[in-house]
Amino acid sequence: MARVTEHQSGTDTRARRARHLQLAVLLLFVLITGRLGWLQLARGDFYSDLSRENYVQGFPVLAPRGVIKDRNGEVLADSRASLSITLSKTRSRDDEGMADALAGLLEIDRSLVIEKLREARSRYFGSVVLVADATFEQVARVEERRFELPGVKVEVTATRRYPAGEFAMHALGYVGQISGSEVETMGALGYSSGDVVGKAGAEKRYELQVRGWDGGEYWVCDASGRELYPWSGGAVVEARPGNTLVLAIDAPAQRAAEEALTLHGSGAVVALDPRTGETLVLASRPAPDPNLLSYGLSAREWNALSRSPRHPLFNRALQAMYPPGSVFKVVTAAAGLATGTITTSSPRVTCPGSFRLGTRTFRCWKPEGHGTLDLIPAIVQSCDTYFYTLGVRLGVATLMNWAERSGLGIRTGIDVGGEARGNVPTPEWYDKRYGKGRWSRGVVVNLAIGQGEILMTPIQVACLVSAIVNDGVAHRPHVLKQVESPSGRVLGTARTAVSYELPYSDATLRTVREAMVGAVEGPYATGWRARIPGMRVGGKTGTAQNPHGEDHAWFAAFAPAEDPKIVVAVLVENAGGGGAIAAPIARDVMRAYFRLDVPVEAPGPPEPAVEESD
């Protein structure tokens, strides 16, 4: 009986253990099923996205920048397809090894690779450019070892191209990779590290119009981040090219200006349509090739360029300030007429070849003198003695007051920016510089003929003459003419805006214009080399003394004289007389603008035309 009881007890124990085991298995099954259900149903989307991020990566499709054309449709800047070597986010942590491999393979600086690897790792989407516009040899080396280089890719990108090299460079500007400070200021506009933006000129000023809108695509990648095939689950966003900029620049006239400046070394030419302010020519020489700047220069190359004694990055048309020389005599003359200090016929001044003020003698550019003359012949022949006399009668304060009211000493507001203000030295300016009362009142003698401390930029000279020939109204100069969509639809046009108005009567402006026409077309013309057969031209020569070398040559012109459609200001550094050097350049620019097929050399002057050398 006892054995039966023990046997029964053992059977119960095994049965209980079996039930417990079954219960445990059932509980484990329920837990697993519940967990799987929770993962599938409640967290399914989350883990699906997480998993996809491990094998699907997004890459931007870079949009080309818009085309830039001149007013006639000639392409000045566009984009071309090129190959770039890029880095995308990779799970490899061996940056040091990767940097060694890429630096040796591509023959580039190792620190650059390290910098780009860190930048790529910090980006959630897309890649960074390691080598833009890569050579065939660089691409071939990468492709040979592609599977050893996770995250390294050869991409077809749109690279900015300037077909004519340095042509119109200072109007167009150039592009480059966005800087850290630019990311901070432009980040809200959708820009990020690695983007290409305009760095100067129209490229910078109209960045938002000319930029394209990048697209995007997704690729399935392996565990090392290498792209395997396009991911079918994601939409491809097409890239949209930027809008087209149509500039007011007239390429034939611009080309004539640049060819002439290149022959003489350095200088600037600005041509405006006085009726609208459209900038027909904005030339400065020397100039760098914007293609080289846009591809990215090494630190050594950049230092060599920025420290060049020829200053090719310096936009002489807007930033260089020079004494205007005799071009300023039109302001002195207008101020004399406006204040009643002179009339067109009085006083008549006798020029013996010099002018004496106190103990100092100031020479006229013509040693034998001009004889006795009044205002218009004085402008035509650019007689210094006449304007010495007028300057003393006006005084520094009055003359500079009218200079300021003539738009000098202020920026013209041209839309590519970066221009200088010039300098109008008032009595307060002299007091501040030399001490109150510690400067000679005789400074006005030099100021009256555009020498001394008064400084103007070439575009200021162009604006001043534009106002003189446009009934006193100076329009704000602008290089943009209109913006078009990539398909050619006009999206907007540049507005004509008044920059300033001259404070002179119609009679005064007519007198100045008449004298300027005489300075080119008259028998005693100093600017006769600007003549164009079949068209009357007005102008004024200038020769600015240069304490550091040869004189600078100036010439400001307009044509046709009866209804001016173009104003040209020419400045050639260290070239000598304005009539001999700058006037022919203005003539060639106007001839190119009007598409006149005439001999290069103007016909000989009717005697006795004169050679100005003041």
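Me: Which residue stands opposite histidine 552 in β22?

Reply: Alanine 544 stands opposite histidine 552. The model is predicted: local features need pLDDT of at least 70, side-chain atom pairs count only at pLDDT 80 or more, and totals for chains, interfaces and linings use all residues. Residues are numbered from 1 along each chain as its sequence is written, and side-chain values use heavy atoms, with hydrogens and water left out.

Me: How do you know that β21 and β22 pair?

Reply: Two strands (DSSP runs of E, at least two residues, numbered from the N terminus) pair if DSSP finds at least two bridges between them. β21 (residues 538-544) and β22 have 7 bridges, in the antiparallel sense, so they pair. β22 and β23 (residues 566-572) also pair in the antiparallel sense over 7 bridges, and a hairpin of 6 residues joins them.

Me: What makes β22 (residues 552-559) mostly covered?

Reply: 8 of its 8 residues are buried. Buried means under 20% relative accessible area, exposed over 50%, partly exposed in between (1.4 Å probe, protein chains only). In a regular strand the side chains alternate between the two faces of the sheet. In β22 both faces are covered, with Trp554 among the buried residues on one side and Phe555 among those on the other.

Me: Why is alanine 168 called buried?

Reply: Its relative accessibility is 1%, which is under 20%, so alanine 168 counts as buried. Alanine 168 also has a positive phi of about 60° although it is not a glycine.

Me: Why is aspartate 471 called exposed?

Reply: Its relative accessibility is 57%, which is over 50%, so aspartate 471 counts as exposed. Aspartate 471 has a positive phi of about 55°.

Conventions: Helix = DSSP H or I, 4+ residues; strand = E, 2+ residues; numbered from the N terminus.
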